[in-house]
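Here is a quick tour for someone opening this structure for the first time. Take a look at it first, and then we'll go through it piece by piece.

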There are 2 protein chains.
Amino acid sequence: MINITLKQLRYFEALARHGHFGKAAEACAISQPALSMQIKEMEETLGASLIERGPRQVRLTHFGEVAVERARDILRAAEELGDLARASRDRLVGRLRIGVIPTIAPYLLPRVISALTVHHPELEIHVRETVTPKLIQELGEGKLDTAIVALPVSEASLAETPLFSETFMLVRSASEASAPLPSADTLREMRLLLLEEGHCFRDQALSFCNLPSGPPREMLDASSLSTLVQMVSAGMGVTLIPEMAVPVETRSASVSISRFENPEPTRTVGMVWRKSSPLAGQLNEIADIVRSSAESRP
Amino acid sequence: MINITLKQLRYFEALARHGHFGKAAEACAISQPALSMQIKEMEETLGASLIERGPRQVRLTHFGEVAVERARDILRAAEELGDLARASRDRLVGRLRIGVIPTIAPYLLPRVISALTVHHPELEIHVRETVTPKLIQELGEGKLDTAIVALPVSEASLAETPLFSETFMLVRSASEASAPLPSADTLREMRLLLLEEGHCFRDQALSFCNLPSGPPREMLDASSLSTLVQMVSAGMGVTLIPEMAVPVETRSASVSISRFENPEPTRTVGMVWRKSSPLAGQLNEIADIVRSSAESRP
DNA sequence: ATTTATCATAAGAAAATCCTATCAAAGCAA
DNA sequence: TTGCTTTGATAGGATTTTCTTATGATAAAT
């Protein structure tokens, strides 16, 4: 392992450029002896002489000529590292790996991604869609930078910030459109269709009906909201979906959508990230962007 | 100008490789706090965090990942500079610019070049053929590494080492082959053909005849030994040429070659270089090669 | 709750770097 | 020649950097 220093390379480069110890030292803002010593040191370390010390002139040796080119390469690379650092701290740049739960992703992401792209054109966005526990795990493993999930998460190592709150809507078959609005309790007596286990939305729906979460009650659990709505449309029962999903999911299904009243079931959606994440500062800014893009519901 | 150090890059690279401050510090043969401090220092200098300090784990930030690649590039380049230095000091490598006077070059160089090529295959040999004063000047200007000239040169800034001594031969027209050998003094009375001004060989020949060097006596000065011999062959006079030139120059000319006796005119040919030249050590070795290749006269 | 692992911090020691002053050599001028 | 000037090398001491040991803090593991 060779033990030259960048400082020596800088001094040497200046010396090569000025061809004069005094001038080079001045350019480096040090005294001439300091430069002399460093050059000498560098020559000793390399075991080869870099300059020919003639009287009245400083001339590079053949090796010196080769060395100064290498030195310039190295110094340039070091500068570039600095540039890179500056770029990475000024703007949010590079990769942002964001996880989203399936009951939010299809409805929120299009708007979020386009908003992020506008604000940070150089940001490369990776999306991961899966259930909350997996997102939390991957966040912890450093495979994700942030996740959009239902709050609270209550992990000490994670920071969380609320984004918005969304209401759950009742989805009934079109024929039931005029029936009276069931209460949370009467809902329990109806055939309530749910997502499969693992989805937090399943638990939130059950909780609204004061039912315990747990193993499936019937073999009717769906793997997506879209399927749920189709099942309702086929007359298999009723379900709840987040308000944000309504426009997308009821476009091609003849179902009736109703808003609950008093109490209105809701959940808070928020963003979480590792407290130790170096992006922490910028993730707050990203949360702002997500928040405002979520508000502008089309 | 960014102020990171190669040391920091080394430490950071080790940290990235081991993913552990303690291990990395051990690998760098320093204490763990020293490494911690240098990493911290580097992050401050760059103004961007390189690693995410989670409990129980050290993970590179996105910028850290980019940075470690750059760091490896830089470190590799520095190592290469060391390799280059080693190569340049072990073997004589690169360019050797050698100047030779015209009365030696054509006869000596073929052998010298092939001998040098055998000993130092990676040596790139540049040859300059001109008269001694120009060679000395170019040596002083650093345009040549060494020169082969007639000694002495007597320049305080130049080192000189003798290579060999060569005799001057008398060249007469073939018809004069049986005439008695002229003495140095009788030579003065004959029509002595000489090289043009500037060639040291001209002065050496004049000096042998005890004639003052100076402006041309007649308008018959030749620009090469080859021309001189042709002129002799044409019956225009007599001349002297170095012994080494005989085989080459008399091949296609019908002239008579005679050796002087008591005193035999000679000159010493040697190699000179700047005392301050970094090649000084190796030039002695090269002188040896030249010397032995000159002895093996074919 | 205690122990362990791991990185950060602190304080003093060691090393490096730098500066001022001075020297030495060589070119230049009188 | 004899100073005089320029230029790089050297020396000694001050300053800054870097390192080590000792200790602290935090979270995981037991």
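## Chain A as a whole

Chain A has eleven helices and nine strands (DSSP runs numbered from the N terminus: H or I of at least four residues for helices, E of at least two for strands). Its radius of gyration is 32 Å, well over the 19 Å that the globule rule gives for 298 residues, so chain A is more spread out than a compact globule. That radius is taken over C-alpha atoms, and the rule is 2.2 Å times the number of residues to the power 0.38. Along its principal axes, the C-alpha trace of chain A spans about 105 × 35 × 30 Å.

A word on the ground rules: this is a predicted model, where local features need pLDDT of at least 70 and side-chain atom pairs count only at pLDDT 80 or more, while totals for chains, interfaces and linings use all residues. Residues are numbered from 1 along each chain as its sequence is written, and chains are lettered from A and ligands numbered from 1 in the order in which they are written.

Of the 298 residues in chain A, 36% are buried. Buried stands for 20 or more other C-beta atoms within 10 Å of a residue's own, exposed for 12 or fewer, and partly exposed for anything in between, with C-beta atoms placed from the backbone. Among contacts in chain A with a separation of 6 or more, 70% are between residues 24 or more positions apart; a contact takes C-beta atoms, placed from the backbone, within 7 Å.

## Two buried residues

M231(A) sits in helix α9 (residues 225-233) of chain A. It is buried, with 21 other C-beta atoms within 10 Å. Setting aside neighbours within four places in sequence, M231(A) is in contact with L193(A), A222(A), M236(A) and G237(A).

I241(A) belongs to strand β7 (residues 239-242) of chain A, and I241(A) is buried too, with 26 other C-beta atoms within 10 Å. Leaving out residues up to four places away in sequence, I241(A) touches several others, including F168(A), V171(A), L228(A) and V246(A). R202(A) is 39 residues from I241(A) in sequence, and their C-alpha atoms are 9.9 Å apart.

## Helix α11

Helix α11 (residues 280-295) of chain A has 16 residues and should span 22 Å at 1.5 Å a residue; its end C-alpha atoms are 23 Å apart, which agrees. The expected span is 1.5 Å times one less than the number of residues.

Which residues of α11(A) are buried? They are Q282(A), L283(A), I286(A), A287(A), V290(A), S293(A) and A294(A). Seen down the axis of α11(A), these buried residues fall within an arc of 155 degrees, so they line one face of the helix; the arc is that of the directions from the helix axis to the C-beta atoms. On the other side of α11(A), G281(A) and E295(A) are exposed. The cover over the buried residues includes α5 (105-119), β5 (146-150), β6 (158-173) and β9 (266-274) of chain A.

## How the two chains meet

The contact takes 37 residues from chain B and 37 residues from chain A. On the side of chain B that touches chain A, α4(B) gives the most, with 18 residues. 100% of the interface residues of chain B are also interface residues in chain A, so the copies meet through the same surface.

Chain B can be laid on chain A with an RMSD of 0.1 Å by a turn of 179 degrees and a shift of 0.0 Å along the axis. The two copies are thus related as by a two-fold rotation axis. The superposition is by least squares on the C-alpha atoms of residues with pLDDT of at least 70 in both.
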